[in-house]
Amino acid sequence: MIISITTTHRPATDLGYLLVKHPDKVQEFDLPHGTATVFYPEASEERCTAALLLDIDPVKLTRGRRGSPLQEDYVNDRPYAASSYLAYAINRVFRSACAGQTKDRPELAVTPIPLEIRLPSVPCGKKGKFLRRLFEPLGYEVEIEKPLLDPAFPQWGDGPYAALTLRRNGTLQETLRQMYALLPTLDGKKHYWVSEDEIDKLMRAGEGWLENHPEKEVIASRYLKKRRDLVKQAMERMPSPDLETSEGEAPADKEADMEKPMKLADARTEAVIKTVKEAGAASVADLGCGEGRLLTALAKEPGITRITGLETALNPLERAKRRTGRLPEVQQAKISLLHGSLSYRDERLAGHAAAVAMEVIEHIDPDRLDSFAEAVFGAAAPDTVIITTPNREYNRIFRLAEGETRHQDHRFEWTRQEFREWAEKTAAAYGYETGFIPVGPEDPELGPPTQMAAFAKIKKP
Amino acid sequence: MNIELPVPSLAVLIGPSGAGKSTFAARHFLPTEVLSSDQCRAMVSDDISDQTATSEAFEILNAIASARLRRGRLTVADATSVQQRARRNLIELAKSRDCPAIAIVFNINERTCQERNEARTDRKTPRHTISRQRRELSRSLRGIRKEGFKKVYVLEGPEQAEQSEICRVPNRHNRAGLSGPFDIIGDVHGCRDELAQLLAKLGYRVNESGAYAHPEGRTAVFLGDLVDRGPDSPGVLETAMKMVGAGTALCLAGNHEYKLMRKMMGRNVTVSHGLAETLAQMEERTPEFRQETLEFLQGLDAHYVLDQGRLVVAHAGIKEEYQGRESERAFQFALYGETTGETDEWGLPERVDWAREYRGKASVVYGHSPVPDAQWFNNTINLDTGCVFGGALTALRYPEKEMISVPAIKVWRESPKPILPQRETRPNPHSLQLSDVAGSSIIETALTGPVRIQEENAAAALETVSRFTVDPRWLVYVPPTMSPCETAGQGELLEHPEQAFQYYRRQGITKLVCQEKHMGSRAVVIAAKSAAAASDRFGIETETPGICYTRTGRRFFHDRETEAAFLNRISEAAGAAGLWESLDTQWILLDCELMPWSLKGEGLVREQYAPAAAAARQSLTEAATLLEQAKSRGMPADSAAARNAARRDAAERMAAVYARYCWPVQGLEGVKLAPFHLLASEGQVHVNRSHQWHMETARKLAGADPELVSATSCRSVNLEDPGTEAEATRWWERLTADGGEGMVVKPENFIATGRNGLVQPAVKCRGPEYLRIIYGPEYNMPENIERLRRRNTGAKRSLALREFSLGIEGLHRFAQREPLHRIHQCAFAVLALESEPVDPRL
């Protein structure tokens with residue numbers, strides 16, 4: 001990767017004094033991840049350009065990563081795209097300039113001069129909005145050019161990297177510091193472990209410009225690899241009247257975003273708990289408990305004495321463990337968490353009065369729902385089963401396109417009719433009767449956003 | 001005295017301290033068979049006589065005894081057990097493990113006990129304690145026989161204790177020594193004529209003593225319920241009694257025999273379910289016959305373990321933990337099966353489907369509740385095909401597992417409820433349990449013996465199988481990973497055929513095949529003659545004749561129409577290639593590569609490979625321009641420019657490699673399937689065939705549908721003929737020159753054994769250009785390649801062998817129609833092993 005810095009300040013060759021690198025030399029520097037070369041493609045009175053070319057050693061990059069299951073580690077953009085590696089190299093190679101130390105032109109170091117920065121390969125979203133939000137508030141004129149992903153496959157469209165040109169009048173020191181702080185935020189991947197020291201580094205580099213930057217929280221968050229504790233500390237060290245939170249992060253979870261305004265998740269939990277209580281169930285199995293949202297709510301109910309959370313995905317299960325571990329001991333004691341699967345009969349699920357599968361079935365391939373039914377109604381066979389799932393009809397209100405689902409892992413979303421048919425067929429096969437309950441604000445035509453079925457085992461006379 | 005101890009059982013030694021129990025135990029039993037309360041006390045407290053440790057000591061004793069009995073080991077409890085409460089606990093323990101408890105009482109006088117105690121050097125029991133124990137024993141002796149021991153032996157005095165012998169006897173259910181061959185016959189219910197027809201059909205003839213006997217010495221096994229409802233129960237009994245008497249049959253009691261017996265013994269039983277007819281028929285027989293019958297009935301058992309434990313026959317079936325066990329509940333189970341305690345709409349007991357959970361090694365053959373068809377399920381089969389209700393009388397030949405039956409002559413009796421298949425009233429999901437796959441486990445394979453699966457790997461696979469793979473009934477095979485050849489020692493190459501050949505040469509294998517390695521996605525294709533044939537064999541409802549899934553078990557085509565079109569084409573090609581007839585099968589399982597790579601891998605290309613190339617193109621092109629400018633100013637940037645140019649070239653070459661494997665697909669247009677193994681078809685796993693056969697079969701398929709199916713080009717190599725080796729190397733060079741993936745080198749035989757056992761079934765040898773998408777575009781620059789040579793294929797090879805043998809094992813189990821959980825365990829295990837950390841570049 002390469003960065004070039006051009007000035008038209010007269011004499012332009014003073015750039016050499018500011019960078020403390022002679023314009024008529026080609027200099028190499030050994031860095032931990034490769035070699036940096038500093039050279040000047042042009043150096044005249046009117047115009048002088050310094051370039052820092054960083055050759056990453058691709059083998060070193062993968063060292064210590066053996067056994068990592070990702071091929072990505074071995075073929076990736078790291079050697080070529082602007083990233084934390086380049087930021088690191090700028091700081092190392094132009095250390096004096098970053099510190100504002102120049103013996104020969106001290107007054108120039110604090111004088112704003114016309115500067116142009118070129119970065120030919122910068123991670124960039126579809127339209128480069130983020131780049132503009134980062135650099136425009138700092139007074140840069142931003143020019144973005146987006147080449148094709150692969151000229152041999154024009155149908156693939158633009159690639160994810162922009163050729164970026166930035167222009168402004170400013171001191172070289174501040175410009176370099178801004179590059180140092182901002183380049184790692186372009187993709188949020190840092191090549192080294194982030195610790196509290198990084199907050200200091202960010203504060204130093206950001207002195208005088210970061211605290212007034214409208215995107216400072218996003219910058220801090222990405223710079224600190226989204227470590228919430230560190231970001232919080234950093235934000236506390238940047239007092240500012242402007243407390244407006246940023247919307248810089250791309251929405252990670254479409255479903256959560258759509259549902260937030262109507263507090264649908266809360267409504268669901270409430271409806272489920274109400275039904276559990278009406279059934280008088282003292283023991284509840286939460287099938288597909290995810291991160292334990294329902295578990296913790298159930299644990300607060302005095303009438304519920306035993307709660308089993310079952311989850312298939314290991315990461316959410318870990319988070320559920322941490323989440324329930326923060327509950328008061330009395331509540332914790334009610335809960336046991338199991339790694340398991342609703343594709344198999346599981347004897348550990350037997351003996352509960354109620355079982356809940358909240359927003360679970362839509363994550364199961366339709367042709368494997370019979371195994372789910374067997375595991376829940378056949379094997380666990382509690383007196384009460386509660387199942388919730390999205391109502392597809394309502395997607396129109398969420399402005400989803402025809403056929404689009406609320407979450408990318410949803411294998412299907414059912415209309416009320418489809419859900420009812422499945423529920424009734426299943427209930428009949430296993431000796432249950434079923435009732436349907438709307439959850440969330442109901443549309444007169446399209447029904448509620450979430451549909452819920454409560455199944456009750458038919459008691460033998 | 002001769003003391004008989006059935007195995008397994010719990011022998012309880014009873015007597016005061018100093019009675020000689022431990023000495024007796026040491027003489028007759030293995031040290032590990034004897035559980036001494038003193039030793040347990042010492043284990044928890046370091047003091048053999050610390051009475052405060054007693055309750056903890058017994059916890060340990062009970063836990064060990066319980067585990068031993070569960071495992072079927074003879075166990076001896078060496079404690080004083082002079083109090084009834086202590087004995088009751090031990091009897092309950094034995095009962096909970098379905099074993100009899102046997103009492104051995106040391107009725108030794110107090111003086112002897114005190115003398116022995118005095119003579120002890122290690123520890124002494126207080127005198128008064130021994131006196132108390134002796135008194136308690138005397139009190140116990142009166143009622144001990146009614147406490148629930150199966151047998152009580154009382155050793156009167158030290159001499160008798162010394163002279164007694166222990167005789168271990170197999171229990172009455174254990175007939176493991178009998179290996180048949182057997183003809184196991186379902187519920188006869190008085191249908192004497194059908195029985196005669198069936199015995200004749202099975203080849204039995206009446207011998208001179210009037211009993212049916214088989215000329216080849218086969219043994220008939222009656223599963224019970226010979227009587228009631230039908231026209232001639234005494235006739236059936238007579239046939240069975242003669243055969244048992246002549247040693248040509250074994251006979252089990254069914255609930256109907258048990259009830260008849262109790263009635264004949266004068267007990268109060270409700271005369272129903274056809275018992276009245278039997279009693280009337282018996283009245284027409286002589287009193288001698290009735291007496292003989294009663295004795296016969298009294299001698300019957302409800303289940304037997306046969307053929308070294310591989311076969312269990314039980315009237316109503318039996319779960320694993322009751323097999324070969326002597327207990328009331330094992331008896332009840334074998335007689336009546338498991339019921340919910342509730343009655344169904346016809347007033348009959350509602351049955352629990354015990355076979356669904358059955359995971360035992362032994363095949364269980366049973367009867368008791370009529371079914372329309374006898375079908376294997378989880379290694380169990382119900383042979384009661386309702387002859388008396390107008391169905392058929394069915395026999396199973398064992399070990400042939402062949403079914404022979406004769407239809408009922410008429411409906412002798414209307415069935416009180418419709419005879420339904422056992423498992424059709426519900427949707428038909430698979431019967432897998434979490435415990436079949438979760439946790440650490442060991443899977444026995446024929447090829448490499450036991451393969452161990454670690455708990456954390458199983459956990460990872462559980463997520464995959466639950467969320468992403470196809471239904472377990474389809475997932476009968478997951479292909480193994482493949483190791484590359486060892487690293488080339490020098491030059492510009494990381495992999496070269498020489499190392500692949502060398503590997504097999506070192507193993508002493510000289511005949512090899514080299515197959516072109518297609519760069520697409522690995523695919524397993526199950527193609528059946530029709531959707532119905534697929535449903536039938538794989539036990540899953542489907543409208544397509546088979547399925548196609550990836551090497552991680554995911555459905556290949558998400559568009560169901562494309563999938564159906566694809567499978568229909570493959571199915572037709574198999575038909576046109578004559579495979580249904582030549583293999584006598586309704587389905588085939590193919591191991592293939594499906595192209596283009598972009599069909600499955602386009603996401604990977606567009607999100608990883610192409611961006612890397614794009615970033616390189618943008619950054620290195622600009623660097624080139626700037627370096628040229630510097631050079632034109634006379635700056636010494638030549639070496640930097642040269643290096644930059646080389647990097648740019650490498651990145652463009654990498655882009656050219658992936659571009660080769662990306663092409664647009666419209667429906668099936670553009671899709672190519674290259675099968676390289678036909679792994680299995682009905683009843684067969686084709687790993688005993690040579691690769692030539694597999695290649696030839698693939699060529700036939702390609703010939704039948706050249707548009708969709710590609711043959712794989714290949715070369716034979718004989719390592720003793722350097723010419724063939726050189727020619728194969730040149731061929732590889734041609735294949736790989738412009739980015740071809742390379743070749744796979746295999747021993748000529750599918751399964752080959754070398755100097756160190758099973759050898760790698762295949763070793764891949766990838767081309768230098770292709771490796772750019774594996775090791776990065778600049779991997780072969782001199783400064784990089786030397787460092788990359790330090791790679792180790794050991795872990796990958798070990799993994800490849802384990803996965804290979806698991807895959808083949810699963811196919812064998814499927815071919816032999818083993819229960820689903822046994823097949824699924826193998827596929828699941830391969831997915832679990834795939835989560836082991838191995839360098840993914842290999």
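Residues are numbered from 1 along each chain as its sequence is written, and chains are lettered from A and ligands numbered from 1 in the order in which they are written. Since the model is predicted, local features need pLDDT of at least 70 and side-chain atom pairs count only at pLDDT 80 or more, while totals for chains, interfaces and linings use all residues.

The predictor assigns the complex an ipTM of 0.84 and a pTM of 0.83. Chain B has a mean pLDDT of 92, with 99% of its residues at 70 or more; pLDDT is the predictor's confidence in each residue, from 0 to 100.

Chain A splits into domain 1 (2-192) and domain 2 (255-457), with bounds from an automatic or database domain assignment. The centres of these two domains of chain A, taken over C-alpha atoms, are 50 Å apart.

Between the chains, 57 residues of chain A are in contact with 54 residues of chain B (contact: C-beta atoms, placed from the backbone, within 7 Å). Elements giving two or more residues to the chain A side include β1 (2-7), β3 (34-43) and α16 (369-380) of chain A. Helices (H or I, at least four residues) and strands (E, at least two) are DSSP runs, numbered from the N terminus. That side of chain A divides into 30 nonpolar, 14 polar and 13 charged residues, where Ala, Val, Leu, Ile, Met, Phe, Trp, Tyr, Cys and Pro count as nonpolar, Asp, Glu, Lys and Arg as charged, and the others, Gly among them, as polar.

In chain B, an open sheet of five strands with mixed pairing has the order β13-β12-β9-β21-β22. β13 (249-251) and β22 (402-407) of chain B are the edge strands, each with a single partner, so one side of each has no neighbour in the sheet. From one strand to the next, the twist averages 20 degrees. Strands pair if DSSP finds at least two bridges between them.

| Strand pair | Bridges | Opposite residues |
|---|---|---|
| β1(B) and β7(B) | six bridges | B:Val7 and B:Pro170 |
| β12(B) and β13(B) | three bridges | B:Ala220 and B:Ala249 |

Two helices of chain B pack here. Helix α8 (residues 192-202) of chain B lies across β9, β21 and β22 of chain B, at about 145 degrees to β22(B). Helix α9 (residues 233-246) of chain B touches β12 and β13 of chain B, its direction making about 120 degrees with that of β13(B). Axes are lines fitted to C-alpha atoms, for helices over the stretch in contact, and angles run from 0 to 180 degrees between N-to-C directions.
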